[in-house]
Amino acid sequence: MADMNTGIFKHDITEPPKSNLVLPLFSLKGRTAIVSGAGAGIGLAIAHAFACTNRRIAEAGANVAIWYNSNKKALDEAANIEKTYGVKCKAYQVNVTTWETVEAAVNEIVKEFNGRLDIFVANSGIAWEEGSFIDGPLDTMQKVLKVNLDGTLFCARAAALHWRRQKQEGTTIDGQPLENFTYGSFIATASMSGHIVNIPQQQTVYNASKAAIIHACKSLAIEWVGFARANSISPGYIKTDISAFIPAQTKNVFKDKIPMGREGEPEELKGAYFYLASDASSYTTGIDIIVDGGYCAP
């Protein structure tokens with residue numbers, strides 16, 4: 001972090017990866033990842049991407065803990081990931097709106113997953129479905145902000161406490177030498193709605209929560225230099241349950257505004273998350289990657 005008196009950043013406090021080859025940089029083998037909001041949709045696609053091992057391309061092979069709120073299908077999905085890829089995968093029901101719950105869940109997973117944490121994807125989020133802000137219920141506003149913003153910040157704090165300790169001590173939580181740990185990687189799911197105002201939906205609260213996430217990650221990136229990186233990804237319209245409430249007529253309106261003319265699939269986001277999770281993005285921090293079919297380009 002910069003000197004608080006001069007604003008000058010310290011020199012040479014981070015190191016590049018040791019490999020000069022590109023494919024080994026994408027390996028997540030032996031690392032531990034937590035993905036919240038992973039019972040379905042984007043989060044589940046991310047979990048598959050991190051766990052998958054393909055020796056012809058790159059060994060991902062991370063052990064993955066997936067968090068869900070109420071979708072108990074996550075239990076079966078975790079078992080499927082574990083069986084398919086031969087990694088450790090377990091589902092946890094976690095309420096991200098309270099700090100104590102998030103902290104306890106992260107600590108439990110670190111103990112169960114080889115005493116380490118490498119990657120955290122804060123993907124939990126809910127939509128605003130109430131139309132105009134001035135006519136919508138304030139308790140719904142509070143709920144959206146607690147899940148989308150408070151939840152993301154709680155996850156960031158809980159993960160960073162482990163990354164700072166791991167970098168300082170160079171050990172797992174039980175005191176064993178920590179191998180293949182470079183820097184923690186925090187990735188938050190923001191939204192293109194943090195960059196633009198969606199039309200014709202009225203969703204001021206949701207848009208504000210996602211804009212806050214983008215800027216929070218930029219700020220955390222500065223605070224965490226030396227032990228972790230922080231970035232965000234802003235999906236456009238993706239075919240997931242969070243947008244299921246939108247009528248077909250409304251979807252046709254926003255498709256008119258997408259240069260690629262369609263909604264994206266959750267699988268089309270895997271590459272962006274995989275990049276930010278891996279050492280391939282070792283010099284990437286404080287950025288937001290927009291994946292929206294070109295919506296924000298015009």
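**Cysteines and helices in a predicted model**

The sulfur of Cys296 lies 17 Å from the closest cysteine sulfur, which belongs to Cys217, and this is too far for a bond, because a disulfide requires two cysteine sulfur atoms within 2.5 Å. Cys296 has a relative accessibility of 22%, so this residue counts as partly exposed. The structure described here is a predicted model, and a search through the whole of it finds zero disulfides. Cys89, likewise, is in no disulfide, since the nearest cysteine sulfur, that of Cys52, is 13 Å away. With a relative accessibility of 6%, Cys89 counts as buried.

Burial can also be followed along a helix. The buried residues of H1 are Ile42, Gly43, Leu44, Ala45, Ile46, Ala47, His48, Ala49, Phe50 and Ala51.

The next step is to see how two other helices meet. Helix H4, made of residues 138–169, packs with helix H5, made of residues 204–223, at an angle of about 15°, and their axes are 9 Å apart. H4 and H5 are therefore roughly parallel to each other, and H4 passes H5 in a right-handed crossing. On the H4 side, the residues that make the contact include Met141, Val144, Leu145 and Asn148, while those on the H5 side include Val205, Tyr206, Ser209 and Lys210. Sorted by class, the contact of H4 with H5 has 12 nonpolar residues, three polar ones and one charged one.

Conventions: Residues are numbered from 1 along each chain as its sequence is written. This is a predicted model: local features need pLDDT of at least 70, side-chain atom pairs count only at pLDDT 80 or more; totals for chains, interfaces and linings use all residues. Side-chain values use heavy atoms; hydrogens and water are left out. Buried means under 20% relative accessible area, exposed over 50%, partly exposed in between (1.4 Å probe, protein chains only). Helices (H or I, at least four residues) and strands (E, at least two) are DSSP runs, numbered from the N terminus. Axes are lines fitted to C-alpha atoms, for helices over the stretch in contact, and angles run from 0 to 180 degrees between N-to-C directions. Angles under 35 degrees count as roughly parallel, over 145 as roughly antiparallel, 65 to 115 as roughly perpendicular and the rest as oblique. A crossing is left-handed if the near helix is turned anticlockwise from the far one by less than a right angle, and right-handed if clockwise. Contact means heavy atoms within 4.5 Å. Ala, Val, Leu, Ile, Met, Phe, Trp, Tyr, Cys and Pro count as nonpolar, Asp, Glu, Lys and Arg as charged, and the others, Gly among them, as polar.
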